[in-house]
Amino acid sequence: MPTALVIQHAAVEGVGRFADWLPAAGVDLRILRPYDGEPLPSTIDADALIVMGGPMGANDDADVPWLAATKHLLAESVRRRVPALGVCLGAQLLAVATGGAVERGEAGPELGLDAVEIAVADALLDAGSMAVVQWHYDTVTRLPPEATLLGSSRRYATQAFRVGDLAWGVQFHVEATPGMVADWARAERIDEAAVVDPVVDAQDRLTAVGERVARRFAAVVAA
């Protein structure tokens, strides 16, 4: 069974439901936690690369020593055509690694349940509106030269994009559970019920979207 190398940036931003969905779809996960002292490889030694979210910024290399290595791996994934998926911070790191730009979002944060409109369907995403969990303050302000914009939200133009043909960035969290959202709210002293309750109510829609993305990414890896 193919294996995806997963880079996790913080204890509260794990793989969530990917832990079940991806192995069920045929892709094992090898999770590295550099925040806990685990070193990153100098090259991608797996069949795919997944980069999760985190509270740091994509340009915080001086404060977060493993970000440069993560961006190196993301750039390598595009160059070598290794399937890659960047989630939230991971999407921002993919953008920066391949020539784009990330800055603080002028429209303010997107937190909790939201909707994203996918305008361009591809191997990972269906066209149309999809329910998602958001949790970000920064945004991609310039796409990389080789990127294709796939989806946007009401506030931010760049919510989903593809670099080349096998590397995707999604600003939203398709893997998030209500418990993860509750952890994020508590960590930032945000009214927990205000963000968690809508996520709980939308679980059927969120699960359908997330599991479909996981299955399709697994199919790309297998191919």
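This is a predicted model: local features need pLDDT of at least 70, side-chain atom pairs count only at pLDDT 80 or more; totals for chains, interfaces and linings use all residues.
Residues are numbered from 1 along each chain as its sequence is written, and side-chain values use heavy atoms, with hydrogens and water left out. Local features need pLDDT of at least 70 and side-chain atom pairs count only at pLDDT 80 or more, while totals for chains, interfaces and linings use all residues.

The nonpolar cores come first. A nonpolar core is a set of buried Ala, Val, Leu, Ile, Met, Phe, Trp, Tyr and Cys residues joined through side-chain atoms within 4.5 Å. Buried means under 20% relative accessible area, exposed over 50%, and partly exposed in between (1.4 Å probe, protein chains only). The largest nonpolar core has 33 residues. Phe18, Leu85 and Phe217 have the most contacts inside it. At least two residues of this core come from each of β1 (3–7), α1 (18–24), β3 (48–51), β4 (84–87), β6, β7, β11 (167–170) and α6 (203–222). These elements are DSSP runs numbered from the N terminus (helices: H or I, at least four residues; strands: E, at least two). The most is given by α6, with 7 residues. Contact means heavy atoms within 4.5 Å. Beyond its neighbours within four places in sequence, Phe217 is in contact with Leu22, Ala48, Leu49, Ile50, Pro83, Ala84, Leu85, Leu124 and Trp168. Another core, of 29 residues, lies apart from the largest one. Ala46, Leu73, Val82 and Val102 are among its members.

Helices α2 (residues 67–80) and α3 (residues 89–97) pack against each other. Their axes come within 9 Å and cross at roughly 70 degrees. Axes are lines fitted to C-alpha atoms, for helices over the stretch in contact, and angles run from 0 to 180 degrees between N-to-C directions. The two helices are therefore roughly perpendicular to each other. Angles of 65 to 115 degrees count as roughly perpendicular, under 35 as roughly parallel, over 145 as roughly antiparallel, and the rest as oblique. From α2, Leu67, Thr70, Lys71, Leu74, Ala75 and Val78 take part. They meet Gly90, Leu93, Leu94, Val96 and Ala97 in α3. Helix α3 is mostly covered, with 7 of its 9 residues buried. These are Leu89, Gly90, Ala91, Gln92, Leu93, Leu94 and Ala95. Just after α3, Gly99 takes a positive phi of about 105 degrees.

Leu125 is found between β6 (110–118) and β7 (128–136). It counts as buried because its relative accessibility is 2%. Excluding residues up to four places away in sequence, Leu125 touches Ile118, Met130, Leu150, Ala160, Val213 and Arg216. Leu125 and Leu150 are 25 residues apart in sequence, and their C-alpha atoms are 8.2 Å apart in space.

Ser153 is found in the loop between β9 (147–152) and β10 (160–163). At 13% relative accessibility, Ser153 counts as buried. Its side chain makes a polar contact with the side chain of Glu110 (2.8 Å). A polar contact is a pair of N or O atoms within 3.5 Å; within protein, one must be able to donate a hydrogen and the other to accept it, and residues adjacent in sequence count only if both atoms are side-chain atoms.

His173 lies in the loop between β11 and α4 (178–187). With 2% relative accessibility, His173 counts as buried. A polar contact of 2.8 Å joins its side chain to that of Glu175. Not counting residues up to four places away in sequence, His173 touches Glu13, Gly53, Val87, Cys88, Val133, Trp135 and Trp184.
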